[in-house]
Amino acid sequence: MAQLDCGHTQHVRHAPPWEERPWVLSEAGRAEKLGQPLDCQLCNMGAVPQGYDRYSGTREFTEQDIPEGLLSDHRTKPGVWGHIVVEEGRLEYYCPHGVFVLRPGVLGVIEPDTPHRLRIIEPVRFRVDFLRSGATAG
């Protein structure tokens with residue numbers, strides 16, 4: 001487990017297809033990489049700008065009742081950001097910045113009018129919060 005300067009952590013010894021890292025297979029390869037910088041995939045996802053607040057959201061979904069539309073490319077309206085909030089389990093989140101594994105404590109950031117989709121990895125419980133500038137929680 002790598003501790004990154006941004007405060008996130010990153011597993012580096014899991015098997016492909018997540019990421020090809022042949023250096024993790026040997027003690028010498030791992031030792032050579034100690035202290036070397038790693039790109040933070042979570043920071044690559046981006047963040048909602050300041051001043052955006054929750055104004056609406058979905059009900060909670062599980063792997064049993066997730067709407068089909070969330071599993072194929074779809075978009076939010078222009079100006080509407082979102083957070084995918086996983087309460088239990090894990091989801092894969094596909095967006096233009098890459099593929100991210102969402103779990104409790106790791107929010108998916110949805111950019112306005114940008115194609116994205118989900119894939120269920122394991123039993124999951126999650127919701128989507130919608131945010132806009134100057135919104136009041138509802």
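The legends below describe close-up views of a predicted model.

**View 1. The largest nonpolar core.** This core contains 21 residues. Ile84, Leu91, Tyr93, Leu102, Leu118 and Phe126 have the most contacts inside it. At least two core residues come from each of the strands S5 (81-88), S6 (91-95), S7 (98-102), S8 (108-110) and S10 (125-133). In soluble globular proteins, nonpolar side chains tend to be buried together.

**View 2. The surroundings of Leu118.** Leu118 is among the residues with the most contacts inside the largest nonpolar core. With neighbours within four places in sequence left aside, the residues in contact with Leu118 are Ile66, Leu70, Leu71, Ile84, Leu91, Glu92, Tyr93 and Phe126. Of these, Ile84, Leu91, Tyr93 and Phe126 are also named among the residues with the most contacts inside the core.

View 3. Six of the eight residues of S5 are buried, so the strand counts as mostly covered under the 20% limit on relative accessible area. S5 and S10 run antiparallel and are joined by seven bridges. Within this pair, Ile84 is placed opposite Val128 of S10. S5 also pairs with S8, again in the antiparallel sense, over three bridges. Here His83 faces Val109 of S8 as its opposite residue. Strands of a sheet pair through backbone hydrogen bonds, either parallel or antiparallel.

View 4. The loop between strand S4 (61-62) and S5 contains Thr76. Thr76 has a relative accessibility of 10% and therefore counts as buried, the limit being under 20%. A polar atom of the Thr76 side chain lies 2.7 Å from the backbone oxygen of Val80. Not counting residues up to four places away in sequence, Thr76 touches Ile110, Glu111, Pro112, Asp113, His116 and Phe130.

**View 5. The open sheet S7-S6-S9.** Three strands form an open sheet in the order S7-S6-S9, and their pairing is antiparallel. S7 and strand S9 (117-120) are at the edges and each has a single partner strand, so one side of each has no neighbour in the sheet. From one strand to the next, the twist averages 25°.

**View 6. The pairing of S6 with S7.** S6 and S7 run antiparallel, with five bridges joining them. Cys95 has Gly98, in S7, as its bridge partner.

Technical notes
Residues are numbered from 1 along each chain as its sequence is written. This is a predicted model: local features need pLDDT of at least 70, side-chain atom pairs count only at pLDDT 80 or more; totals for chains, interfaces and linings use all residues. Side-chain values use heavy atoms; hydrogens and water are left out. A nonpolar core is a set of buried Ala, Val, Leu, Ile, Met, Phe, Trp, Tyr and Cys residues joined through side-chain atoms within 4.5 Å. Buried means under 20% relative accessible area, exposed over 50%, partly exposed in between (1.4 Å probe, protein chains only). Helices (H or I, at least four residues) and strands (E, at least two) are DSSP runs, numbered from the N terminus. Contact means heavy atoms within 4.5 Å. Two strands pair if DSSP finds at least two bridges between them. A polar contact is a pair of N or O atoms within 3.5 Å; within protein, one must be able to donate a hydrogen and the other to accept it, and residues adjacent in sequence count only if both atoms are side-chain atoms. Axes are lines fitted to C-alpha atoms, for helices over the stretch in contact, and angles run from 0 to 180 degrees between N-to-C directions.
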